[in-house]
Amino acid sequence: MSNTKEKKYTPAAIEDKWQRYWREHGGFIATPDPDRPKYYALEMFPYPSGRLHMGHVRNYTIGDVVARYKRMRGFNVIHPMGWDAFGLPAENAAIKTGNHPAHWTYDNIAYMRGQLRQLGFSYDWQREITTCRPEYYRWEQLIFLEMLKKGLVYRKKTSVNWCETCHTVLAREQVEDGCCWRCDSEVIDREMNGWFFRISNYTEELLDGLDHLDGWPEKVRTMQKNWIGKSHGAEIEFPLKNSRETIKIFTTRPDTVFGVSFMSLAPEHPMVTELIKGYKNAAAVWEFIDRVKREKIARGPGAAEEKEGIFTGAYCINPFTGDEVPIFLANFVLMEYGTGAVMAVPAHDQRDFEFAKKYDLPIRVVITPAGETLAPETMTEAFTGAGTLCNSGKFDGSDSDEAKAAITAMAEKNSFGRARVTYRLNDWGISRQRYWGTPIPIIHCPDCGPVGVREEDLPVALPEEAILLEDGHSPLAGLDLFVNATCPECGKAARRDTDTMDTFVESSWYYARYCSPRNETSPFDKKEAAYWLPVDQYIGGVEHAILHLLYARFFTRVLRDLGYLDIDEPFKNLLTQGMVTLDGAKMSKSKGNVVDPDEMIKRYGADTVRMFILFAAPPDRDLEWVSSGVDGCYRFIARFFRFFHQHLAVIKDAAAIPKELERQNLALHRITHQTIVKVEAEMERGFHFNTAISKVMELANALYAACGEDTPPPAPEVIREAVRTIILLLSPMIPHIAEELWQEMGETDSISRAGWPKIDADATKEDEITVVLQVNGKLRGKVKVRPDTDNDELEAMARADAGIQKFTAGKTIRRVIVVKNRLVNVVAN
RNA sequence: GCGAGAGUGGCGGAACUGGUAGACGCACUGGACUUAGGAUCCAGCCCACGAGAGUGGAUGGGGGUUCAACUCCCCCCUCUCGCACCA
């Protein structure tokens, strides 16, 4: 071969050739087939922000290997891709550049689709969906209407961040230091009507379901569990002094109710107006409320540095003691949790303790810790643990856990309280005062109120001719053609709802739409969905661990209850891939530490980029982009390419493996089959691509060594088998070069249709294994023996070993432990 | 503060149910081939002592169980992530 000109590895040409081949041969189109096991591989679809970043490349590479691997294992694989195409960045870009959100979005999609093709991902492009198209969102509107009929959608007032100058609602991230990001004027808290999905109907089910999602990372399940935040406690009503009204509180510590010394209400509590009526300091209270609200907006989510409050002038009565309790407003009480009112027990709650100290309110000890006494004067912090009740009337002496039940029972008996479960999770507010989203299919009639659009009038199309206004006004509200409508019930002139849906709604059901993406009569075909769903492997970033995944789980149940699906959970297995870092930090444009996928593909080819991403770290861990590591992967591919062509002529027409192999052939044949076993195990054990690749590298190293100059080369058929196996095992990871070499070996069909290599179990058996010899657990020698050599023989060999004798000399052998096929440990002293 | 996860060579990372710690790759060092190479090939590469054979030490720290511990148990330290005034 030395005089033949060496063939060069040219990734660009090879990759282009096979991408075209797959495209022209409809390689990855999925069709239901009841006779084959299905496999649904799905990666979180991207927001078309402009171009792919390395995080996308990693996400989709992992997904593609899963899909290709499962295809080789005989599964009927569906592997779709689409675009989460509604969202705020399109509007921002429109305002900035004057480019319409639709144009901006479609341009980005076209570019990013090209990038995905260049990476060689095996998608069924016939199933591509784009959520900003009416053919998609019309079904979302239908689902909304069906949910409305079922009582799963309702309207209520909600507080929003409002910019007076821009006349618009701002998202949390659009508020900077309490001011509007665009015009810099102050943001105020405003009550607006909006639509809510009644996720609370499913809270328990969503919580219980987590226990059965054993294909999900523990971490994600815990995060969702905490997010749902279930807590058991009691609801107790404290009657107002001189009034028939009561203040309802929620507490997890009803056992401390005798220690209540004041009451804390959220500043937004609806009873505030009534409470401070006629109070001489009412003006100061209003000022306080106003200030707390402003501070809350400015600070964003999170706790204020200091606890603050103000007395309302009003009192309520502790129904257990008859004591008068002063009512305060406090900046740390949340309206969105519980009842927005808290009974304050300073001795046993740290927040109440700090508050009481600051405002000099009484501290009453009602729980005594075991073996200790507490005195309010000497306490430096609240005691929040369990103990024995005191100063609690007839409950004195009882254990705090028992007292919780007893006190709740007493409240229930006297009908001023009851046991209650409270969740942190609230209903899902979906109204967004934005343009680039799915229009909410509602018409507001002056007589009939809000009425759902008739199904035959769907979709309520987003008017694309709308012009985005510089000031951020929603263009829908100003567009008469869109707003003016007639009431579907009474026919009177009415106004369309000008809000759009939260974009999380689109991503809550897209996996079902992929099952029949062109269906024109319903959101998706029930039969197709029943065949393909649930998703067998879902892959995406942890940043979606809570919201997206929780909403999707909610939607699956809603669709089930609407009769579309017969499953409870959408994603059987979940893989959350780690982030891609450079110099130890997450890649981000603002930090300037980004690696551009296009550049990498141009320089190394998609196969090398894919291989590096898979090899550098296990999929669930962070991946540090190291260019020398990429070089290493390129080197591996190029070297194999060279080796392949040096031996092609010899192995191309080599015969099948004969039954009897000579020694020098046996070794390589054995390693080849052992490698298949190992790679298969790594793939099945949670997609450990990094170790799978390293096993193939070991085979390649063995192959190169066997064909080296100092040993007689193995027979052509054995080399051929090793080469074929390497190509097959790596084909899910580096599909282009795999196709190319596969074809050069004389194969006529695509390697993507080839099966996973078959293991010859006999071939994997070793004829000689190394047994380790130890003295007191320390390695002192090794012997090579036949597998399954019996224990007595092993022990005898160990005793005869020079190394063992050296270290047992002058000592008494106390025990000899023999582990078959592994080791002999001689215990001596 | 609460919850979860992780600490192994210069680096990324291996080690399945306890059984040769450091696979595979990168970096580095030496050599070969070369007009040259940052190409390619071969070899070495945890630390200490030693010319070498070898000996001892080593998986964040400390203790324990065991013939045997990266792996199991207890205590502590550090880092990352999530939630964060949730009553």
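Start by selecting serine 628: an N or O atom in its side chain sits 2.7 Å from a sugar or linking oxygen of RNA strand B, a polar contact (a pair of N or O atoms within 3.5 Å). Before going on, know that this is a predicted model, where local features need pLDDT of at least 70, side-chain atom pairs count only at pLDDT 80 or more, and totals for chains, interfaces and linings use all residues. Residues are numbered from 1 along each chain as written, chains are lettered from A and ligands numbered from 1 in written order, and side-chain values use heavy atoms, leaving out hydrogens and water.

Next, click arginine 639, whose side chain has an N or O atom 2.7 Å from a phosphate oxygen of RNA strand B.

Now show everything near the strand (a heavy atom within 4 Å). You'll get 50 residues, and the closest are Thr252, Lys307, Tyr337, Arg351 and Ala616.

Time for salt bridges (a side-chain nitrogen of Lys or Arg within 4 Å of a carboxyl oxygen of Asp or Glu). Select arginine 73 and glutamate 680, which pair up at 3.4 Å, N to O. They are 607 residues apart in the chain. Is glutamate 680 buried or exposed? It counts as buried because its relative accessibility is 18%, and buried means under 20% (exposed is over 50%, partly exposed in between; 1.4 Å probe, protein chains only).

Last stop: aspartate 124 and arginine 127, bridged at 2.9 Å and both buried.

How values were computed
A polar contact is a pair of N or O atoms within 3.5 Å; within protein, one must be able to donate a hydrogen and the other to accept it, and residues adjacent in sequence count only if both atoms are side-chain atoms. Helices (H or I, at least four residues) and strands (E, at least two) are DSSP runs, numbered from the N terminus.
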